[in-house]
Amino acid sequence: MKTIERMESQVRTYSRSFPVVFDKAKDAFLFDTDGNRYIDFFGGAGTLNYGHNNERMKAKLLDYLERDGIVHGLDMATVAKVELLEKMESVILKPRNLDYKVQFTGPTGTNAVEAALKLARMVKKRSNVISFTNGYHGLTMGSMSVTANAYYRDEAFINRSDVSFLPYDGYLGKDVNTAAYMRRFLEDNSSGVDIPSAVILETVQGEGGIRVASDEWLREVESICREYDILLIVDDIQVGNGRTGHFFSFEQSGIKPDIITLSKSFSGYGLPMSLLLFRRELDIWKPGQHTGTFRGNNLGFVSATVALDYWKDDVFSNDIFRKGAILEKRLEALKEKYPQLSAEVRGRGFIYGFSVPEQEIAKEIADECFKNKLVLERAGARNNVIKFLAPLIIPDDALNEGLDILDAAIHTVLNAH
Ligand SMILES: Cc1ncc(COP(=O)(O)O)c(C=O)c1O
């Protein structure tokens with residue numbers, strides 16, 4: 001840790017929340033250099049849906065490396081890429097009746113968001129984009145301009161024009177339909193909100209504190225987009241790849257986005273990879289017009305191809321819903337057991353938030369969990385939402401063990417106050 005503190009920039013974050021040196025990881029567990037085992041409810045911030053060092057993917061990756069399969073090839077055609085695209089088509093797109101083109105962007109989520117915004121503006125020839133309160137889309141300039149959280153925006157001194165923020169579902173209270181509010185802004189050409197090229201949203205806001213948009217709201221936003229000829233971008237970087245129980249987070253609402261951003265767990269193994277899916281007609285790029293050295297990580301193609309096998313039938317999906325029900329039930333029970341916390345439980349599928357109004361208490365609970373070898377992070381603009389993002393493959397006993405640690409941590413923290 002001393003080396004990290006001496007050498008690594010102040011900007012580091014997770015090494016502060018989890019101040020040990022990690023060495024190994026397997027499935028839903030991390031191990032530090034002293035061999036201590038930690039239960040992972042953090043899941044690489046949504047990158048490890050299939051667990052750490054997934055055995056099926058590891059075997060394929062080792063084979064690929066052993067036979068000197070091409071690792072870096074810019075966006076050249078490779079066997080690994082062809083296999084992934086074919087699997088994507090047969091396992092994900094065709095069964096869902098989705099006819100999308102695939103664009104591999106730079107390696108991290110924000111690169112996919114940048115490309116999506118650029119494409120939408122090019123297609124519609126309009127500069128404005130609508131984004132929502134508490135949304136998080138990354139921290140490069142374009143992505144940051146559609147990110148709401150003041151912590152990230154405050155000191156950036158970027159030009160934030162060309163983005164209008166509107167209230168997300170629930171922002172004005174349970175009974176206010178914020179989609180109707182959006183419609184009003186668009187129909188009135190003196191509202192000050194220009195008709196945008198795109199609306200960008202998360203169906204469940206992850207970093208924003210696990211805020212779940214209702215299916216009706218998503219459908220209404222989609223129909224407003226159709227009415228006003230606006231592209232709908234669903235940023236599925238955090239809550240896609242099965243996190244909500246379906247491969248895409250928007251599936252249960254029945255909406256069909258024009259553009260989808262994917263990253264994080266898409267490669268399955270924690271290898272950097274980001275992509276866009278978009279309607280075929282939107283593919284107006286000229287060759288190489290949006291380029292970059294690290295587009296399409298061949299190792300990522302190999303592991304992603306294995307990851308998609310989890311979606312060949314409903315077995316995995318059903319298991320995610322089953323585990324999600326356990327998690328929700330136990331969090332609701334903790335809320336009842338500790339009424340003094342005034343906690344709120346939010347989520348769906350296997351992403352949940354336990355929102356504790358007092359920010360300091362949330363921090364103390366997370367720290368106490370870590371002391372007892374449970375890794376979890378906080379989210380929300382005030383960092384007061386304890387976030388559950390365990391790998392989707394976590395065994396029930398580890399899930400329950402982690403929740404027991406949380407229960408004991410809440411007890412300890414409340415007793416100390
Ligand atoms: C919804 C969403 N979009 C975009 C991003 C940015 O991804 P990255 O951190 O890989 O750039 C994130 C990261 O948490 C995210 O949750």
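These legends describe close-up views of a predicted model. Local features need pLDDT of at least 70, and side-chain atom pairs count only at pLDDT 80 or more, while totals for chains, interfaces and linings use all residues. Residues are numbered from 1 along each chain as its sequence is written.

View 1. The protein is divided into domain 1 (2-54 + 314-416) and domain 2 (58-311). These bounds come from an automatic or database domain assignment. The C-alpha centres of the two domains lie 25 Å apart. In contact across the boundary are 28 residues of domain 1 and 27 residues of domain 2 (contact: C-beta atoms, placed from the backbone, within 7 Å). On the domain 1 side, α12 (315-337) is one of the elements that supply at least two residues. The largest share of that side, five residues, comes from α12. Helices (H or I, at least four residues) and strands (E, at least two) are DSSP runs, numbered from the N terminus.

**View 2. The shell around the ligand.** Of the 15 residues around the ligand, Thr108, Gly109, Thr110, Gly138 and Gln238 come nearest (a residue is near if its C-beta atom, placed from the backbone, lies within 6 Å). Helix α6 (residues 109-124) gives the largest share of this shell, three residues. By type, the shell holds four nonpolar, eight polar and three charged residues. Here Ala, Val, Leu, Ile, Met, Phe, Trp, Tyr, Cys and Pro count as nonpolar, Asp, Glu, Lys and Arg as charged, and the others, Gly among them, as polar.

View 3. The buried residues of α10 (residues 215-227) are Trp217, Leu218, Val221, Glu222, Ile224 and Cys225. Seen down the helix axis, these buried residues fall within an arc of 160°, so they line one face of α10 (the arc is that of the directions from the helix axis to the C-beta atoms). Glu216, Arg226 and Glu227 are exposed on the other side. A residue is buried if 20 or more other C-beta atoms lie within 10 Å of its own, exposed if 12 or fewer, and partly exposed in between. The buried residues of α10 pack against α9 (178-187), β7 (198-201) and β10 (231-235). Just after α10, Asp229 takes a positive phi of about 60°.

**View 4. Asn297 in its loop.** Asn297 sits in the loop between β12 (275-279) and α11 (298-307). Asn297 counts as buried because it has 22 C-beta neighbours inside 10 Å. Leaving aside neighbours within four places in sequence, Asn297 is in contact with Pro107, Leu271, Pro272 and Met273.

Key: Expected span 1.5 Å × (residues − 1). Contact = placed C-beta atoms within 7 Å.
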